[in-house]
Amino acid sequence: MPDQPLFESLEGLRGTGKSTVAPLLAAARGAVVVPTVPTVYQQLRPEIDAGENVEARMAFYLSALFTAADAIRLHLSAGTPVVVDSYFARCLANHRAFGARLGIALPPDLPQPVTYHLVCDEDERRRRLAARHKPTSRWDGLAEEVAEQITDAYAPFPMRSVDTTGRTPQEVVRAILSVPPAPPIRPTR
């Protein structure tokens with residue numbers, strides 16, 4: 001499909017399907033999944049998440065994203081499509097809702113994805129979270145407390161909404177594939 005996006009991002013609250021859908025979307029697009037917390041950051045991640053300083057945590061995740069952006073640029077320059085299960089929008093929306101006071105202006109030369117905002121009925125999203133078999137951090141708990149504020153903080157970012165309620169991951173991918181292509185738009189600040 002010649003007009004398919006070369007770079008796509010999945011955004012949304014915890015439990016909406018981002019990490020499940022990303023590899024399936026990548027397979028459908030012939031893309032690679034680039035982790036937005038690169039391997040070099042993984043060892044520090046539990047330490048940062050154990051802390052309480054929201055600005056320090058935000059700076060850590062922004063640094064990881066800038067490192068991931070370098071890898072994304074390399075793939076895109078080679079003509080390889082890229083999918084990520086979150087990008088700068090999630091970091092900024094979450095940390096704003098958590099109370100971060102850092103003023104962030106993203107550089108204009110960042111790779112800009114076509115972004116899909118995955119949404120889900122609240123009861124189903126909570127059931128999905130309850131069925132997970134992975135530890136949750138205090139930040140995960142806080143994200144649940146401020147879920148509405150996170151959703152509000154996503155508003156300035158250009159995204160196409162995709163409802164995952166009652167859909168299998170494969171059905172969500174089909175829904176994304178049916179979204180007409182359009183160029184990404186930078187948020188205005």
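Buried, in these notes, means under 20% relative accessible area. I'm working from a predicted model, so I keep that in mind throughout.

**Entry 1: cysteines**

I started with Cys120. Its relative accessible area is 14%, so Cys120 counts as buried. Then I looked up Cys91, which is buried too, at 6%. A disulfide is a covalent bond between the sulfur atoms of two cysteines. I checked how many of those the structure holds, and the count is 0.

**Entry 2: Thr164, a contact of Cys120**

Which residues does Thr164 touch, leaving out those up to four places away in sequence? My list has Cys120 on it, along with Thr16, Leu118, Val119, Glu124, Arg128 and Val172. Thr164 sits in the loop that links strand 5 (160-163) to helix 9 (169-177). Buried or exposed, I wondered about Thr164? The relative accessibility is 1%, and the cut-off for buried is under 20%, so Thr164 is buried.

As a reminder to myself, strands of a sheet pair through backbone hydrogen bonds, either parallel or antiparallel.

I went through some of the pairs:

- Strand 4 (residues 114-119) runs parallel to strand 5, and 4 bridges join them. Val119 has Asp163 of strand 5 as its bridge partner.
- Strand 1 also runs parallel to strand 4, again with 4 bridges. There, Glu8 is bridged to Val114 in strand 4.
- Strand 1 and strand 3 pair in the parallel sense, over 3 bridges. Ser9 has Val84 of strand 3 as its bridge partner.

**Entry 3: strand 1 and what lies across it**

Strand 1 got a closer look. How many of its residues are buried? I get 5 of 5, so I'm noting strand 1 as mostly covered. In a regular strand the side chains alternate between the two faces of the sheet. Here Phe7, Ser9 and Glu11 point one way, while Glu8 and Leu10 point the other way, and all are buried. I noted that the two glutamates, Glu8 and Glu11, are on that buried list.

**Entry 4: Trp139 and Phe98**

I moved on to Trp139, which lies in helix 7 (residues 138-145). With a relative accessible area of 2%, Trp139 is buried. Its contacts, not counting residues up to four places away in sequence, are Ile48, Asp49, Gly51, Glu52, Asn53, Val54, Arg57 and Phe98.

From Phe98 to Trp139 I get 41 residues in sequence and 8.5 Å in space, C-alpha to C-alpha. Besides Trp139, Phe98 touches Val54, Arg57, Leu142, Ala143, Val146 and Ile150, again with residues up to four places away left out.

**Entry 5: empty space**

Rolling a probe the size of a water molecule over the atoms shows where empty space is left. The largest pocket holds about 840 Å³ of space. Which of its 33 lining residues are the closest to its centre? They are Arg45, Arg57, Tyr61, Arg90 and Asp140. Helix 1 (18-29), helix 3 (45-50), helix 4, helix 5 (88-98) and helix 7 are the elements that give two or more residues to that lining. Helix 5 gives the largest share, 5 residues.

For cavities of 30 Å³ or more, my count is 1. About 40 Å³ of space lies in the largest cavity. I wrote down its lining: Gly12, Leu13, Arg14, Asn94, Arg125, Ala143, Glu144 and Ile150. Ala143 and Ile150 are names I already had from the contacts of Phe98.

How values were computed
Residues are numbered from 1 along each chain as its sequence is written. This is a predicted model: local features need pLDDT of at least 70, side-chain atom pairs count only at pLDDT 80 or more; totals for chains, interfaces and linings use all residues. Side-chain values use heavy atoms; hydrogens and water are left out. A disulfide is a pair of cysteine sulfur atoms within 2.5 Å. Buried means under 20% relative accessible area, exposed over 50%, partly exposed in between (1.4 Å probe, protein chains only). Contact means heavy atoms within 4.5 Å. Two strands pair if DSSP finds at least two bridges between them. On a 1 Å grid over the protein atoms alone, a cavity is a set of points where a 1.4 Å probe fits but cannot get out, and a pocket is an open set with protein on both sides within 12 Å along at least five of seven lines; lining residues have an atom within 4 Å of a point. Grid points are joined across faces, edges and corners, and a volume is the space filled by probe spheres set on the points.
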